[in-house]
Amino acid sequence: MRFTVYTLFPGLVTPYLQEALLARAIREGLVEVVVRDLRRFAGNRTGRVDDAPYGGGAGMVMRVDVAAAAVDEAAADDPPPDEVVLLTPAGERLTQGLVEELATRRHVCLLSARYEGFDARVESLVTREVSIGDFVLMGGELPALCVMEAVTRLIPGALGDEESHRQDSFASGLLDYPEYTRPAGFRGLAVPDVLLSGHHGMVAKWRRREALRRTLLRRPDLLEAAPLSDEDRSELERLRLELAAGAANEPD
Ligand code: SAM
């Protein structure tokens, strides 16, 4: 899988790729990342890629011809991008579902802007627009890294333990269950007994119930789309009753 990132600040992106699991995935050839400087397409000696907005107002707008030159360059790569993503707060929200979809692509091109973003005609050049959340950053570099990291961890071999992403929050449609490690006691807070029991069946049951409880308490909206068994539904009913009686809180 390949990513090509276009940015005015390659130096913000590349250091992040040189550490931890992302660096290992690149080293092992699971993913290739090419970071390119948008300023090469400025077409002037000053390297300016922005201009004042038509109609006036604050801020500067990045030129559409700069974006077009980047997209054209990427189109000549082998393989050419099967997805050209504009990072923008106005895009569709990045979700685990979208990450899974992007993980099926061979080459994802990521266009990251600065200032007030690109001239709106950039929309005609991209296959989708993606936002990492309802807040505004100074540039698209962190959003591009979020996309690359979230997608890379789905590539077989990128994580030490292949099981771990299957049980992550959202992968099953629910939030992840709470995890504990040593010490068993910490400042009066104990690890739930069942996790120390060595009984795998009971541990699995407890984890499912806690994932349901957490999701019900923190992100009930996820339950509408989550694939739930009859047992899950009965458990949720019990949790809702406990909640109504004020007793369904999460473990301390
Ligand atoms: N004026 C723009 C608006 O309100 O939508 C904000 C531009 S922002 C200062 C500059 C650039 O940062 C954006 O064009 C985009 O590339 C990136 N960016 C900022 N927040 C983002 C977010 N939540 N998701 C994706 N990209 C974002």
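**Ligand shell and nonpolar cores**

In this predicted model, a backbone N or O atom of Ile132 lies 3.1 Å from a nitrogen atom of the ligand, a polar contact (a pair of N or O atoms within 3.5 Å). A polar backbone atom of Gly133 is likewise 3.1 Å from a ligand nitrogen, and for Thr88 the value is 3.4 Å. The protein covers 82% of the 580 Å² of accessible area that the ligand has on its own (Shrake-Rupley method, 1.4 Å probe). Residues are numbered from 1 along each chain as its sequence is written. Local features need pLDDT of at least 70, side-chain atom pairs count only at pLDDT 80 or more, totals for chains, interfaces and linings use all residues, and side-chain values use heavy atoms, without hydrogens and water.

Around the ligand stand 19 residues, of which Leu87, Glu116, Ile132, Phe135 and Leu137 come nearest (near: a heavy atom within 4 Å). Eleven residues of this shell are nonpolar, six polar and two charged. The strand β5 (83–93) gives the most to the shell, three residues.

Leu87 also belongs to the largest nonpolar core, which has 26 residues. Such a core is a set of buried Ala, Val, Leu, Ile, Met, Phe, Trp, Tyr and Cys residues joined through side-chain atoms within 4.5 Å, where buried means under 20% relative accessible area (1.4 Å probe, protein chains only). Leu87 is among the members that touch the most others, as are Phe3, Leu110 and Met148. The largest share, six residues, comes from α5. Apart from this core lies another, of 20 residues, including Leu8 and Val126.

Conventions: A polar contact is a pair of N or O atoms within 3.5 Å; within protein, one must be able to donate a hydrogen and the other to accept it, and residues adjacent in sequence count only if both atoms are side-chain atoms. Helices (H or I, at least four residues) and strands (E, at least two) are DSSP runs, numbered from the N terminus. Ala, Val, Leu, Ile, Met, Phe, Trp, Tyr, Cys and Pro count as nonpolar, Asp, Glu, Lys and Arg as charged, and the others, Gly among them, as polar. Buried means under 20% relative accessible area, exposed over 50%, partly exposed in between (1.4 Å probe, protein chains only).
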